[in-house]
Amino acid sequence: MVGDFNKYLNPSLDKFPTLHISAPVFILLGIPGLEDVQCWISIPFCCMYIIAFFGNIVILLIIRSEKSLHEPMFFFLSMLSITDMVLSSSTLPKMLGIFWFNLREICFEACLTQMFIIHSFTAMESGFFLAMAFDRFVAICNPLRHSFILCRKNVLVVGISVVFRGLVFFFPHPFIVRSLIFCQNNIIPHTYCEFMAVIKLTCGDSSMTKSYSLTVASLMGVFDLLLTITSYAFILHTALKLPTKQAGLKALSTCTSHILVILVFYTTATFTFVTHRFGHNIQPQIHISIANIYLLVPPMLNPLIYGVRTKKIRQRIVHVFYSAGV
């Protein structure tokens with residue numbers, strides 16, 4: 001159906017006439033060069049998705065049912081879990097459809113929607129990490145005012161602000177892409193509608209579109225990361241000033257889960273960004289595999305890390321399984 005990958009990388013303009021925004025479908029190739037093993041690749045991807053989806057559902061149910069977890073940190077964790085579920089669900093089902101059933105077609109509107117969800121919910125995930133870092137900062141550096149500063153009303157305002165920011169800054173994205181003229185072909189050598197892969201199908205000058213996407217994503221990511229690092233710098237400074245070493249370690253131990261998930265998120269994000277923007281000599285299948293891992297690994301690891309490292313959640317999970325006789 002799709003044929004040789006190289007044929008699509010250097011198409012003839014006569015064979016693939018100009019496509020305007022009314023183009024009915026794009027064709028997703030999956031992972032070019034690995035067509036013969038895509039069925040096997042789908043197994044770990046599917047397992048990661050199942051763990052991410054049901055793991056985050058468990059986190060949500062436990063936080064909702066356990067009143068002792070009705071604290072700002074866990075409210076933000078609930079928001080992060082919902083974001084992870086939407087983010088992983090926006091790509092993985094379609095990816096499995098490509099790998100298992102050769103369902104490569106995706107309509108133009110669905111492609112734009114998928115692109116918007118990926119960008120906006122990734123921004124939300126970064127924002128919720130910052131909110132959780134701020135919660136730890138207030139809890140350790142100004143504990144007497146924690147309940148006042150992060151009351152439920154303020155937590156709700158922060159959550160809405162993070163969602164609003166992600167939606168507003170990337171809302172123009174689909175409309176900007178929609179205004180472009182597509183030529184050459186409608187073949188996307190990817191497992192989902194990744195922004196740069198779609199932009200490469202356009203003819204004419206798309207530099208403004210690329211600049212907007214790169215600028216917004218970079219500024220938002222750098223802003224969140226710098227504030228998160230600043231929060232933990234103050235936390236470390238405060239912990240070192242506590243009267244005893246044990247008190248300092250206890251304070252820092254409340255941050256370990258959050259630090260781990262932040263490292264996973266920003267490490268995979270940075271690796272994806274660097275290889276995609278500057279690794280021009282890297283094989284396409286490596287680019288695409290890393291891009292898929294970036295959208296699947298953090299949502300999978302977040303509930304696992306919090307489930308293992310957070311005592312209250314771990315105890316609740318053990319209690320549920322013990323009561324069920326597992």
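Modeller: The model is a predicted one. I start with the disulfide between Cys-111 and Cys-193, whose sulfur atoms are 2.0 Å apart.

Biologist: What makes the link of Cys-111 and Cys-193 a disulfide?

Modeller: The cut-off is 2.5 Å between cysteine sulfur atoms. The S to S distance of Cys-111 and Cys-193 is 2.0 Å, so the pair meets the cut-off. By this rule the count is one disulfide.

Biologist: Which parts of the chain does the pair link?

Modeller: Distant ones: Cys-111 is in helix H5, whereas Cys-193 is in the loop between E3 and helix H9 (195–199), and 82 residues separate the two. The angle about the S-S bond is -125°, and the link of Cys-111 and Cys-193 is left-handed. Both Cys-111 and Cys-193 are buried.

Biologist: Why is Cys-141 called partly exposed?

Modeller: Its relative accessibility is 26%. Buried means under 20% and exposed means over 50%, with partly exposed in between, so Cys-141 at 26% counts as partly exposed. Cys-39, at 46%, also counts as partly exposed.

Biologist: Turn to the strands. How do you know that E1 pairs with E2 and with E3?

Modeller: Pairing requires at least two bridges between two strands. Strand E1 (residues 25–28) and strand E2 (residues 105–107) have three bridges, in the antiparallel sense. E1 and strand E3 (residues 187–188) have two, in the parallel sense.

Biologist: Which residues stand opposite each other?

Modeller: Phe-26 is opposite Ile-106 in E2, and Ile-27 has Glu-105 in E2 as its bridge partner. On the E3 side, Leu-28 stands opposite Ile-188.

Biologist: What is the strand order, and what kind of pairing does the sheet have?

Modeller: The order is E2-E1-E3 in an open sheet of three strands, and the pairing is mixed. E2 and E3 are the edge strands, since each pairs on one side only. Helix H5 (residues 108–141) lies across E1, E2 and E3 and runs at about 85° to E2.

Biologist: Next, the rings. Why is the pair of Tyr-49 and Phe-53 called tilted?

Modeller: A search of the whole structure finds twelve aromatic pairs. In the pair of Tyr-49 and Phe-53, the ring centres are 5.9 Å apart and the planes are at 40°. Tyr-49 and Phe-53 are four residues apart in helix H2 (residues 38–65), so about one helical turn separates them.

Biologist: What makes Phe-53 and Phe-54 an edge-to-face pair?

Modeller: Their ring planes are at 80° and their centres 5.5 Å apart. Edge-to-face applies over 60 degrees, so this pair is edge-to-face.

Biologist: Are Tyr-49 and Phe-53 buried or partly exposed?

Modeller: Tyr-49 has a relative accessible area of 15%, so it is buried, being under 20%. Phe-53 has 24%, and is therefore partly exposed. Elsewhere, Phe-129, Phe-265, Tyr-266 and Tyr-294 make up one aromatic cluster.

Biologist: How do you know that Asn-292 is buried?

Modeller: Its relative accessibility is 1%, and buried means under 20%, so Asn-292 counts as buried. Asn-292 sits in helix H13 (residues 284–309). Leaving aside neighbours within four places in sequence, Asn-292 is in contact with Ile-31, Phe-45, Met-95, Thr-191 and Tyr-192.

Biologist: Which residues touch the most other members of the largest nonpolar core?

Modeller: That core has 74 residues, and those touching the most other members are Phe-26, Phe-45, Leu-77, Met-132, Val-177, Ile-188 and Val-198. H5 gives the largest share, 14 residues. Residues up to four places away in sequence aside, Val-198 touches Cys-111, Met-115, Val-177, Phe-182, Ile-188 and Cys-193. Another core, of five residues, lies apart from the largest one and includes Phe-116, Ala-123, Phe-170 and Met-220.

Technical notes
Residues are numbered from 1 along each chain as its sequence is written. This is a predicted model: local features need pLDDT of at least 70, side-chain atom pairs count only at pLDDT 80 or more; totals for chains, interfaces and linings use all residues. Side-chain values use heavy atoms; hydrogens and water are left out. Contact means heavy atoms within 4.5 Å. Axes are lines fitted to C-alpha atoms, for helices over the stretch in contact, and angles run from 0 to 180 degrees between N-to-C directions. Buried means under 20% relative accessible area, exposed over 50%, partly exposed in between (1.4 Å probe, protein chains only). Rings of Phe, Tyr and Trp (its six-membered ring) pair if their centres lie within 6.5 Å; planes under 30 degrees apart count as stacked, over 60 as edge-to-face and the rest as tilted. A nonpolar core is a set of buried Ala, Val, Leu, Ile, Met, Phe, Trp, Tyr and Cys residues joined through side-chain atoms within 4.5 Å.
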